[in-house]
Amino acid sequence: MKMFYEVVIDSSETANKCTILPLASRPDFHLIRIKKIKKLPTLNSPILLHHEGECLTEIRKSLGQVQAIASIDCVWRRLEGILARVERPLPRFARIPDGFQTAYPRKSSDNSDPDGGLATIEALFIAGALLGNWDATLLSKYYFGRKFVELNRNRFQELGVYPENDQEAMPVLSKPPRHALQRRRDRERV
C-alpha cells in the first residue's frame with residue numbers, strides 16, 4: 001500500500017534543520033508552506049498527527065486501511081496557533097504510541113519540548129509503518145534515519161511492524177549535497 005503525506009510547514013522552520021523539506025520533490029508528499037496566509041486550506045487526509053489524539057494502534061483497528069496522513073511541522077509552542085488557521089473540518093487527531101525515541105538532537109531553549117517528542121519525519125515514518133507502509137526511503141534524506149530505526153527496533157517489533165529482513169528495514173542515506181546552491185536546487189528554491 002502506498003501512503004500519501006500532507007504536511008503544513010511553519011515559516012519559522014529553517015531549511016537546514018527541517019526534516020521534511022528534502023522530500024519536497026516526492027510525488028507522495030504535498031507540502032503547504034505557511035507564509036502570511038491567514039487561512040490554511042482544508043487537510044484532505046483522514047488523520048492528523050497530534051499529541052492529544054487517539055492512539056494510532058486503535059485508529060488502525062477502527063478505520064482499517066488509511067492511505068493518507070497529515071502533519072504540522074513546527075515548534076511545539078506554535079502548534080495550536082497554526083492549527084487554528086487550518087480550514088475546518090479537521091481530520092481525526094491521531095497520536096504515535098508511547099515508547100519511541102527521537103534520534104534528532106533536539107535542544108529547546110525554554111524546555112518546551114515534551115518528553116517523547118519526535119522529528120516530523122520520524123512521526124510520519126512511524127505512522128506509516130503502523131498503518132501498513134514501512135517505507136525506509138522516507139528516511140533516506142534524514143541524517144539520523146538509520147540511528148532512529150536502530151533506537152526503536154524493539155518498539156517496532158513489539159507493535160508487529162518491523163520487517164523480517166534487516167536490509168529491508170534500514171534506510172540507505174542518500175549522499176547530502178555538497179554546497180548550498182545544490183541544496184536549494186534540490187528543494188526547488190532556485
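This is a predicted model: local features need pLDDT of at least 70, side-chain atom pairs count only at pLDDT 80 or more; totals for chains, interfaces and linings use all residues.

Modeller: Start with R88, which is in the loop between helix 2 (79-85) and strand 5.

Biologist: Why is R88 called partly exposed?

Modeller: R88 has a relative accessible area of 45%. Buried means under 20% and exposed means over 50%. The 45% of R88 falls in between, so R88 is partly exposed.

Biologist: What makes the pairing of R88 with the backbone oxygen of L83 a polar contact?

Modeller: A polar atom of the R88 side chain lies 3.0 Å from that oxygen of L83. The cut-off is 3.5 Å, so the pair is within it.

Biologist: Which other backbone oxygen does the side chain of R88 reach?

Modeller: That of V86, at 2.7 Å. This value also sits within 3.5 Å.

Biologist: What does R88 touch, leaving out residues up to four places away in sequence?

Modeller: T42 and L83. R88 and T42 are 46 residues apart in sequence, yet their C-alpha atoms are 6.2 Å apart in space.

Biologist: Now helix 1. Which of its residues are buried?

Modeller: L56, T57 and I59, in a helix that spans residues 56-63.

Biologist: How do you know that they are on the same side of helix 1?

Modeller: They cover an arc of only 160° around the axis, which puts them on the same side.

Biologist: What do the buried residues of helix 1 pack against?

Modeller: Strand 3 (47-55), strand 5 (92-95) and helix 3 (120-130).

Biologist: Which residue follows helix 1?

Modeller: G64, with a positive phi near 75°.

Conventions:
Residues are numbered from 1 along each chain as its sequence is written. Side-chain values use heavy atoms; hydrogens and water are left out. Buried means under 20% relative accessible area, exposed over 50%, partly exposed in between (1.4 Å probe, protein chains only). Helices (H or I, at least four residues) and strands (E, at least two) are DSSP runs, numbered from the N terminus. The arc is that of the directions from the helix axis to the C-beta atoms. Contact means heavy atoms within 4.5 Å. A polar contact is a pair of N or O atoms within 3.5 Å; within protein, one must be able to donate a hydrogen and the other to accept it, and residues adjacent in sequence count only if both atoms are side-chain atoms.
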